[in-house]
Amino acid sequence: MSVAYHHAGPCTVEEVLALPDDTTERTELVGGQLMMSPAPTMAHQRASHRLHALLERAAEASGADVEVFQAVNVIAPDGLLIPGLAIVDATAAREAGVAVHAHGLLAVAEIASPHARLADRKPDPAPRVTIGRRRAEAHEEQPPVLAGGRVRLDEPFPVEFDPASLTIR
């Protein structure tokens, strides 16, 4: 059961993190404004789960001192974001409570699944994977990779895959 949240004016990160848990939607904070979206579709969750498993195996094989999370709260300069997947420095992950600070992120991955295309205005073929990587103190988004292409990361650990491998075969 979810409870409606009414708030006049801009919200703070602390206020959003104090909201009750709600597994039916994601609540992010951008520029003081709440951004709510429904829980991902089954196809999106399948793709996210498969990508999470793939990244965990690659991280473990490389011995990288990281943890891979799905839908973790990230405190960013402009608010609170929830990336699809986050590769987090292991020390930052151990020190995090309900949220990790953006400086602890090494990379993030966003998936646009076939059913999310209309709402997210994503192109065919789906899924599409977008990777953001930390460069010095900033995060830089890489061009999206469509099914049939190759996503390649060298850091924080090596991994390469086709986004099509995240769908039902």
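Author: A salt bridge here is a side-chain nitrogen of Lys or Arg within 4 Å of a carboxyl oxygen of Asp or Glu.

Reader: How many salt bridges does the structure hold?

Author: The structure holds 2 salt bridges. Please note that this is a predicted model, in which local features need pLDDT of at least 70 and side-chain atom pairs count only at pLDDT 80 or more, while totals for chains, interfaces and linings use all residues. Residues are numbered from 1 along each chain as its sequence is written, and side-chain values use heavy atoms, with hydrogens and water left out.

Reader: Which residue forms a salt bridge with R150?

Author: The partner of R150 is E160, and their closest N and O atoms are 3.3 Å apart. R150 lies in the loop between β11 (145-146) and β12 (151-153), whereas E160 is in strand β13 (residues 159-161), so the pair ties together parts that are 10 residues apart in sequence. Helices (H or I, at least four residues) and strands (E, at least two) are DSSP runs, numbered from the N terminus.

Reader: And which residue does R152 pair with in a salt bridge?

Author: R152 forms a salt bridge with D154, with 3.1 Å between the closest N and O atoms.

Reader: Is R152 buried or exposed?

Author: R152 counts as exposed, at 54% relative accessibility. D154 is partly exposed at 46%, and E160 is partly exposed at 42%. Buried means under 20% relative accessible area, exposed over 50%, and partly exposed in between (1.4 Å probe, protein chains only).

Reader: Turning to S48, where is its place?

Author: S48 sits in helix α2 (residues 42-62). S48 is buried, with a relative accessible area of 7%.

Reader: What does S48 touch?

Author: Leaving aside residues up to four places away in sequence, S48 touches Q70, G84, L85 and I111. Contact means heavy atoms within 4.5 Å.

Reader: A change of topic: what is the strand order in the open sheet?

Author: The open sheet of 5 strands has the order β2-β1-β5-β4-β7, with mixed pairing. Its edge strands are β2 (33-38) and β7 (100-101), each of which pairs on one side only. Two strands pair if DSSP finds at least two bridges between them.

Reader: How many bridges join β1 to β2?

Author: There are 6 bridges between strand β1 (residues 25-30) and β2, and the two run antiparallel. L29, for example, has L34 in β2 as its bridge partner.

Reader: What does I75 touch?

Author: I75 belongs to strand β4 (residues 74-76). Not counting residues up to four places away in sequence, I75 touches V13, L17, L80, A99, V100, H101 and A102. I75 and A99 are 24 residues apart in sequence, and their C-alpha atoms are 6.5 Å apart in space.

Reader: Where is confidence lowest, and where is it highest?

Author: Confidence is lowest in helix α4 (residues 117-120), at a mean of 45, and highest in strand β3 (residues 66-70), at 97. The score is pLDDT, the predictor's confidence in each residue, from 0 to 100. Over residues 115-122, pLDDT stays under 50, and the model has 9 contacts for them beyond four places in sequence. For the protein, the mean pLDDT is 85, and 85% of its residues reach 70 or more.

Reader: Finally, how many helices and strands does the protein have?

Author: The protein has 4 helices and 13 strands. Of its 169 residues, 40% count as buried.
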